[in-house]
Structures are given as C-alpha cells and as structure tokens.
Amino acid sequence: MITLTPHDGFATDPLVVAQDGLATVHQLLDIGCASSVVATRCGPSGPWQRVLPRVILLRPDAPTHHQRLRAALLYAGPDALLTGAAALTLYDRRETLPPKVDVLVPGRVHPRSHAYVRVHRTHRPTPRIPVRGLPCVPLERALEDA
C-alpha cells in the first residue's frame with residue numbers, strides 16, 4: 001500500500017486534474033504549494049518534472065502527446081491557441097505529434113519559443129475552437145499555418 005504525503009494532494013487538486021496532471025508554478029503556489037516543495041518534488045529523485053519553464057507535470061512518467069500540447073499552452077499563456085500541425089493532430093488530420101508545437105498568442109504578450117514550443121504572435125483576433133479539450137485555431141487557419 002502506498003502512503004500519500006501531504007504534497008501528493010496537489011496532484012489530485014481539481015485544477016491539476018482538469019489540466020491533465022499539469023500546472024504552472026504560479027498555479028501551484030495559488031493552491032497552497034510552497035516553492036520549496038515544487039523545487040524538491042522536481043528534483044532528481046522527486047516524482048514531479050519540469051516539462052517547460054514554469055510548467056510542471058505532477059507525475060513521474062513521460063508526458064503523453066496530449067500533455068505535451070497542454071504544457072505548450074500553459075507555457076505560452078492563457079490566451080494561447082494551438083495551430084499548424086499540432087492543431088491538426090487534434091482535428092484528426094495527422095497521425096503523430098510534430099517535433100515542434102506551434103502556438104498562436106496575441107501580439108500584446110511576449111512568451112518566447114522554447115524547447116519544442118514555437119510561439120507566433122498575431123494582431124488579428126482569432127476564434128478559439130475547443131478540440132479534444134484544448135483551444136485551437138479554426139481548421140482552415142491550422143491548415144494554412146501547417
């Protein structure tokens with residue numbers, strides 16, 4: 001039988017569960033997790049892992065394709081949308097996740113591309129279409145961007 005520590009409760013928080021086991025460091029702090037706990041749990045022997053800067057997977061296993069897409073969105077910010085080949089995987093147009101995940105963000109925000117996330121800024125308003133629980137650009141725009 002596995003004994004849960006008080007820190008394991010963060011992985012079952014409704015926000016973390018709704019985000020496929022992922023959270024930003026700020027979200028963890030907001031739900032009462034101390035920054036020292038995040039640092040310890042993300043350490044070499046800890047059960048959590050940093051998927052991207054400020055984005056934590058509260059599980060020891062490798063992220064799934066869906067978790068990688070969710071992590072890209074969390075990294076890019078609350079207004080980010082999946083586009084290009086990454087969005088097409090959700091629209092069932094592609095079989096495998098591309099090596100780079102393209103996200104579209106409003107021109108007023110300034111996240112940088114990092115690791116497998118490619119950030120594109122736009123000044124055009126873009127409709128937000130939920131596809132398999134993740135925000136995407138419309139199919140036509142995803143095809144154009146791919």
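How do β1 and strand β3 pair, and over how many bridges? They pair in the antiparallel sense, over three bridges, with β3 covering residues 55–57. Two strands count as paired if DSSP finds at least two bridges between them. Within β3, I56 is the bridge partner of A23.

Before going on, a word on what you are looking at. This is a predicted model, where local features need pLDDT of at least 70, side-chain atom pairs count only at pLDDT 80 or more, and totals for chains, interfaces and linings use all residues. Residues are numbered from 1 along each chain as its sequence is written, and side-chain values use heavy atoms, leaving out hydrogens and water.

Now step back to the whole sheet. Three strands make up an open sheet with antiparallel pairing, in the order β1-β3-β2. At the edges sit β1 (22–24) and β2 (49–52), each pairing on one side only. Strands here are DSSP runs of E with at least two residues, helices are runs of H or I with at least four, and both are numbered from the N terminus.

Next, find helix α4, residues 65–76, which lies across β1, β2 and β3. Contact means heavy atoms within 4.5 Å. The helix runs at about 15° to β1; such angles run from 0 to 180 degrees between N-to-C directions, with axes fitted to C-alpha atoms, for helices over the stretch in contact.

Finally, α4 also gives the most to the lining of the largest pocket, with four residues. Both α2 (25–30) and α4 supply at least two residues each to that lining. On a 1 Å grid over the protein atoms alone, a pocket is an open set of points where a 1.4 Å probe fits, with protein on both sides within 12 Å along at least five of seven lines, and lining residues have an atom within 4 Å of a point.
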